[in-house]
Amino acid sequence: MKKIIIIISIVIFAVGCKKELVEKPERLVERDKMIDIMYDLSLLEAMKYQNPMSLDSCDTNPTRFILKKYKVDSLQFVKSNMYYAADYNDYKVMFDEVGARIEKNKKKIDSLIKIEEKKKKLLEKKNKVVKKDSVKVKEEL
């Protein structure tokens with residue numbers, strides 16, 4: 001009987017003391033919209049990493065542009081990000097979704113690049129044939 005009372009009191013104590021680390025902000029960005037913003041910001045970071053000069057030529061701040069695209073101000077984004085980050089498991093799931101979307105789009109882009117390379121090779125072959133034929137025609141004249 002004592003063991004049951006101790007276990008029940010520990011459970012009540014644990015549940016009663018559970019407190020959110022970060023309070024839910026007034027204007028919380030919806031989870032799906034937050035994932036979209038995180039995706040766009042991840043692409044932006046990848047662009048900065050791959051070619052730092054590509055974004056230096058822009059007159060606007062790319063991060064500000066992304067937040068404006070989703071109609072979110074920077075403070076709202078930061079508070080929402082802190083709120084979502086407080087729950088590690090859910091935040092990891094959100095980043096996993098972003099990673100899956102990036103991987104999916106990477107495969108699409110890779111296939112488009114391969115198609116463009118094939119077209120370029122065909123064009124080069126075609127141009128070589130045309131040049132050889134034009135040389136033969138000039139020799140005949």
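**View 1. Asn81, a residue of helix H5.** Let's start with Asn81, which lies in helix H5 of this predicted model. With a relative accessible area of 21%, Asn81 is partly exposed, because buried would mean under 20%. Leaving aside residues up to four places away in sequence, Asn81 touches Met34 and Tyr91.

**View 2. Ser80, a buried residue of helix H5.** Ser80 also lies in H5. Its relative accessible area is 0%, so Ser80 counts as buried. Look for the polar atom of the Ser80 side chain that lies 3.0 Å from the backbone nitrogen of Val29. Once residues up to four places away in sequence are set aside, Ser80 touches Pro25, Arg27, Leu28, Val29 and Met34.

**View 3. The buried side of helix H5.** Four names to look for here are Gln76, Phe77, Ser80 and Tyr84, the buried residues of H5. They cover an arc of only 95° around the axis, so they sit on the same side of H5.

**View 4. Helix H5 from end to end.** H5 runs through residues 74-86, which makes 13 residues. At the start of H5, see how a side-chain oxygen of Asp73 comes to within 3.2 Å of the backbone nitrogen of Leu75.

Terms used:
Residues are numbered from 1 along each chain as its sequence is written. This is a predicted model: local features need pLDDT of at least 70, side-chain atom pairs count only at pLDDT 80 or more; totals for chains, interfaces and linings use all residues. Side-chain values use heavy atoms; hydrogens and water are left out. Helices (H or I, at least four residues) and strands (E, at least two) are DSSP runs, numbered from the N terminus. The expected span of a helix is 1.5 Å times one less than its number of residues. Buried means under 20% relative accessible area, exposed over 50%, partly exposed in between (1.4 Å probe, protein chains only). The arc is that of the directions from the helix axis to the C-beta atoms. A polar contact is a pair of N or O atoms within 3.5 Å; within protein, one must be able to donate a hydrogen and the other to accept it, and residues adjacent in sequence count only if both atoms are side-chain atoms. Contact means heavy atoms within 4.5 Å.
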